[in-house]
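Got a structure open and wondering where its labels come from? Let's go through a few of them together.

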Amino acid sequence: MFVMDCLSVNEKGHLTIGGCDTIQLAKEYGTPLYVMDETTIRNACRAYKRSFEKHYAGKGLPFYASKALNCKAICRIIMEEGLGLDVVSGGELYTALQAGFPANKIHMHGNNKTPAELRMALDAGVGRIVLDNLFEMETLNQMAGNLGKKVAVSMRVKPGIDAHTHEFIRTGQIDSKFGFALETGEALQAVKQVLAAENLTLKELHCHIGSQIFEIEPFVQAAKVMMDFMAEIRKETGLAIESLNLGGGFGIHYLTSDQPQPYDRYMEAVSLAIREKAAEHDVPMPFICIEPGRSIVGEAGITLYEIGGIKEIPNVRNYVSIDGGMTDNPRFALYQSAYTVLIADKAGQRADYQATIAGKCCESGDLIQKDTMIQTPEVGDILAVLSTGAYNYSMASNYNRIPRPAIVLVRDREARLAVRRESYEDLIRNDL
Ligand code: LLP
């Protein structure tokens, strides 16, 4: 019935996740509630690691892109699974360090890291800082010099690949605020400047072509373009860069009709392309890093809400209101993202009611899904939105002073709280 292994329907006709009855979870922890299946997260981590072993002699490492969902419990799981961690802000870095994540396995991203964030990354001793622009490069070089440190850096390159996805989340093309452009010669020029910076060591080239991508070809193309660039750098400067980071972006199921590729197929195709290019240019095979975010946590998560008012407007639409909305999941409002929605306490029944799921914010655009089919709703039903593990909690806000929901982790029929629900006191904690 579900494409996610962690979901099922029990004898009561209730939706279950990780063997836990969602109605029970809603009762115990309240709604709205994010629920994450730990096994799914761990399995995804392992699948990525295995694909490196199978197709690239283990010469690579997945770095979980923690912007998808960053909290201490998730950082610990990623750490236990032996992955690296990609952070993009002082806040993400702070959380990871507080969770005990080893700094040398952290990559620090960001298109406009502040001097304070750079300093924090230096003090922590992160494994790499991914340079995005020359201003940052100069600041970092100077800072490292003052501290008497030599810093390992990566450089973000725009490979010019146009992945077929939503325009807002396309980043590999030239018209993007991220990284150095290849076509214009900007990237090569920047490489030369990094090489001239005495306190920086260029260890890696990085690219990221977008998010929620289903095709393998754009990744293969990006890998080829980057290998060509590495060969060009070697020719021009003599430097053989040891590591290539191909970013994240692998698509997941939001709807049953979505067709993500198994992780394995990606690594298989990309390894082949890299092998060929290495032979063609007679350059060493680089260490490969990837940065999956959504595909590690996305399908592991669901959100539970309680249904309140139901407004049936004849010949227009049926609004089914929930006790959360764009504050815990802004993705429909931002990207018109598709989601699978069902009534958790009627999960075994037919979805024969067309509903527009409305949030509780004072904002007409506060919808979770428009005209979607669900079971016939009644006040007090628990509504489940699937595949909300990525970019939901991490993009949540306090608009209308709505507290952020709790996150519960489930595993083998056991549930534990990972992030407490925000209280009203939390909301005014910093008010003076
Ligand atoms: N690496 C870099 C440098 C990135 O910019 C991103 C995502 C990732 C890795 C992880 O990509 P993933 O595997 O999760 O697709 N808020 C949007 C997604 C923005 C993604 C930004 N960068 C959404 O909700 O769809």
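Here come some questions about the labels, each with an answer.

Q: What kind of model is this, and how are residues numbered?
A: It's a predicted model, where local features need pLDDT of at least 70 and side-chain atom pairs count only at pLDDT 80 or more, while totals for chains, interfaces and linings use all residues. Numbering runs from 1 along each chain as its sequence is written, and side-chain values use heavy atoms, leaving out hydrogens and water.

Q: Why is E136 called buried?
A: Buried means under 20% relative accessible area, exposed over 50%, and partly exposed in between (1.4 Å probe, protein chains only). E136 has 2% relative accessibility, so it counts as buried. You'll find E136 in helix α6, residues 134-147.

Q: What makes the pairing of E136 and K113 a polar contact?
A: Within protein, a polar contact is a pair of N or O atoms within 3.5 Å, where one must be able to donate a hydrogen and the other to accept it; residues adjacent in sequence count only if both atoms are side-chain atoms. The side chains of E136 and K113 are joined by such a contact at 2.8 Å.

Q: Why is D282 called exposed?
A: D282 has a relative accessible area of 62%, so it counts as exposed. D282 sits in the loop between α9 (263-281) and β13 (287-290).

Q: What about Y391: buried or exposed?
A: With a relative accessible area of 15%, Y391 is buried. Its place is in the loop between β19 (382-386) and β20 (406-411).

Q: Which residues are closest to the ligand?
A: Among the 19 residues that surround the ligand, the closest are S211, E291, R294, R331 and Y391. A residue is near a molecule if one of its heavy atoms lies within 4 Å of it.

Q: How far is the side chain of Y391 from an oxygen atom of the ligand?
A: An N or O atom in the side chain of Y391 is 2.6 Å from a ligand oxygen. The ligand alone exposes 580 Å², and the protein buries 92% of that.

Q: What kind of peptide bond joins T31 and P32?
A: A cis one, with omega about -10°. P32 is in the loop between α1 (22-29) and β4 (33-37).

Conventions:
Areas by Shrake-Rupley, 256 points an atom, 1.4 Å probe, with all protein chains shown as cover. Helix = DSSP H or I, 4+ residues; strand = E, 2+ residues; numbered from the N terminus.
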